[in-house]
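Look through the structure below, then work through the questions and answers that follow.

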Amino acid sequence: VIAALRRLGLLGLADAALSQRAAHEARAINASVRAAHTHITFPPAALVFEVQGYARLDWFMESGARQADALAALIGAHAPATTGPIEILEWGCGPGRLLRPLQARLGRRVRLSGCDPLAACVAGARRYVAGVEITQSRRAPPAPYPAAQFDGVYGVSILTHLPTGAAAAWMKDIARLLRPGGLAILTTHGPRHASRLDAKAAARFAAGAHVALTGAAQGSRTFASYTPPAAMAAFAAGAGLTILAHLTEGPQADAIGQDIWLLRKP
Ligand SMILES: C[S@@+](CC[C@H](N)C(=O)[O-])C[C@H]1O[C@@H](n2cnc3c(N)ncnc32)[C@H](O)[C@@H]1O
């Protein structure tokens, strides 16, 4: 059904209907989450659905906490040693699902920033997360920061929504943002997700091509792309980044549900 809707250009419309239904179904549980956390200003259910595919705030908090654990472990193990706080950017931070729990885990050891091209995400993240600088970026690079500003940049479920050219261009910009020795943590749909592809796309993926499924707005939840290891190797080489690790399973990849790439700026 999804493939047919994509072909007909109706995926966005169908997604809007799903969003309304999900927000309606989550009304009671979301009211109780809000009542239990009156000190937190949660993003609206429609925005949670746009970036996560569900509208429930309990899931938004739980998945954020679980994935922040994974990111904190990776940052702890691989971020460069610094004299002061480590400076880390979340590229494509949405309404702050990960920034809030990551800030709680890393505390003063890290100075966190976030950016997102969607104005609603920027506004939502500024309300949901205190003490993190959130900036509106543009869909195309460069990100609104000077070169060598960060020790680490992470992007969870961003490359999964970009076409090939944009993915390559953003990898170059992420390399620009990093200081020498800096760490990038990027997630992708990889080999274990390729079973979702039709035969033709699966064959291109198996041959090492980056596969972007068209029929939805680039960067939106319904725009899906798949990155085989050969394509990531080409993106990394084009950006001048060294691949440290490709995690396809284990606690961190399982928590995030996507492949995790750790890359270093030489
Ligand atoms: C699936 S959501 C993930 C949000 C967040 N990283 C998380 O895991 O909760 C994808 C996010 O990417 C953002 N996005 C779309 N195009 C982008 C681009 N070109 N650069 C940076 N972020 C982008 C969207 O606005 C959205 O917030």
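**Charged pairs, cysteines and a cavity**

Q: In this predicted model, is Asp58 buried or exposed?
A: Residues under 20% relative accessible area count as buried. Asp58 has 14% relative accessibility, so Asp58 is buried.

Q: Which residue forms a salt bridge with Asp58?
A: The side chains of the two partners come within 2.5 Å, N to O.

Q: How far apart are the closest N and O atoms of Arg21 and Glu25?
A: Both residues lie in helix 2 (residues 11-25), four residues apart, about one turn of the helix. Arg21 is exposed at 52% relative accessibility, and Glu25 is exposed at 57%. They form a salt bridge in which the closest N and O atoms are apart by 3.7 Å.

Q: Which helix holds both Arg176 and Asp173?
A: The side chains of Arg176 and Asp173 meet in a salt bridge at 2.6 Å, N to O. Arg176 is partly exposed, at 26% relative accessibility, whereas Asp173 is buried, at 6%. Because the two are three residues apart, about one helical turn separates them. The helix is helix 8 (residues 164-177).

Q: How many disulfides does a search of the whole structure find?
A: A disulfide needs two cysteine sulfur atoms within 2.5 Å. The sulfur of Cys115 is 6.5 Å from the closest cysteine sulfur, in Cys93, so that pair is too far apart for a bond. The sulfur of Cys121 is also too far from its closest cysteine sulfur, in Cys93, at 7.0 Å. The number found in the whole structure is zero.

Q: Is Cys115 buried or exposed?
A: The cut-off for buried is under 20% relative accessible area. Cys115 has 0% relative accessibility, so Cys115 is buried.

Q: Which strand supplies the largest share of the lining of the largest cavity?
A: The search finds one cavity of 30 Å³ or more, and about 30 Å³ of space lies in it. Among the lining residues are Ile75, Gly152 and Leu183. Strand 4 (150-155) and strand 5 (178-188) each supply at least two lining residues. The largest share, three residues, comes from strand 4.

Definitions and conventions
Residues are numbered from 1 along each chain as its sequence is written. This is a predicted model: local features need pLDDT of at least 70, side-chain atom pairs count only at pLDDT 80 or more; totals for chains, interfaces and linings use all residues. Side-chain values use heavy atoms; hydrogens and water are left out. Buried means under 20% relative accessible area, exposed over 50%, partly exposed in between (1.4 Å probe, protein chains only). On a 1 Å grid over the protein atoms alone, a cavity is a set of points where a 1.4 Å probe fits but cannot get out, and a pocket is an open set with protein on both sides within 12 Å along at least five of seven lines; lining residues have an atom within 4 Å of a point. Grid points are joined across faces, edges and corners, and a volume is the space filled by probe spheres set on the points. A salt bridge is a side-chain nitrogen of Lys or Arg within 4 Å of a carboxyl oxygen of Asp or Glu.
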